[in-house]
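Open the model in your viewer and colour it by chain.

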Amino acid sequence: MSAIEKNDSFAGRSGYETWVFGILKYKILDTMRAQKRQGRWQPLADENDDEAIDRQFQQNGRWQQEARPQSWGEPEAAFETERFWQVFDACMIALPDSAARIFSLRELMGLSTEEICRELGIKENNCWVMLHRARLRLRACIERGWLEGDAS
Amino acid sequence: MMMCKEATRLMSLRQDRSLSFQEKFTLRLHLAMCSACRECDRQFTLLHGVGRHYDPEQDDDEPSA
């Protein structure tokens, strides 16, 4: 990978991470733009995604009993545990590609939804809808893995 | 009256932009009555913060930034 080959030209660990993140950010954006151009990705067209989220709620909009969010304990303490990061990583892998990418751009790389949508040429409202779905799905997966010890 | 699914939409939106007065009000009202959604809100906020722990050099992003 090109970032690793160039690592001896960068001093300081956090500076390196920032630099790698910059590269990843553009790789993700490029991938998504290319897929959109080639017609292989339409922002809101993921049907499997809709089902997975609809199943969390009843017809009337209330949480389904088995999908009701539980407490994860002291929030900031979760970040200190290796278990949380294992579950988080597994759940990121389990997310549909477009959901994982937009979540990464927004929450890991800190782009605003305005920036993301401008770069990808989609409406900001679409970004918000995609992020809503990604968060619902990721949250549910992490809760399963975190509370039940099963990240699948 | 707003239900949970719509409340999660506003909770998510709040991580990405400032809510209008009406949005804030209806969300707050729902959260006051729904403990499941209060947990969800905490968890969305937690997930919004993962980036800080991936890259300590980045400033915490404001929703309207």
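A disulfide is counted here as a pair of cysteine sulfur atoms within 2.5 Å. The model is predicted, so local features need pLDDT of at least 70 and side-chain atom pairs count only at pLDDT 80 or more, while totals for chains, interfaces and linings use all residues. Residues are numbered from 1 along each chain as its sequence is written, chains are lettered from A and ligands numbered from 1 in the order in which they are written, and side-chain values use heavy atoms, with hydrogens and water left out.

Over all chains there are 2 disulfides. In chain A they follow the pattern 1-4, 2-3, with bonded cysteines counted along the chain.

Select Cys91(A) and Cys141(A) to begin. Their sulfur atoms are 2.1 Å apart and form a disulfide. The link is left-handed, with -85 degrees about the S-S bond. Cys91(A) sits in helix 5 (residues 82-94) and Cys141(A) in helix 8 (residues 124-148), 50 residues apart; helices are DSSP runs of H or I with at least four residues, numbered from the N terminus. Both cysteines are buried, meaning under 20% relative accessible area with a 1.4 Å probe, protein chains only.

Next, select Cys117(A) and Cys127(A). A disulfide joins them, S to S 2.2 Å. Cys117(A) lies in helix 7 (residues 113-120) and Cys127(A) in helix 8, so the pair ties together parts 10 residues apart in sequence. Cys117(A) and Cys127(A) are buried.

Now move to chain B and select Cys4(B). Its closest cysteine sulfur, in Cys37(B), is 3.8 Å away, too far for a bond.

Conventions:
Helix = DSSP H or I, 4+ residues; strand = E, 2+ residues; numbered from the N terminus. Buried < 20%, exposed > 50% of the residue type's maximum accessible area, 1.4 Å probe, protein only.
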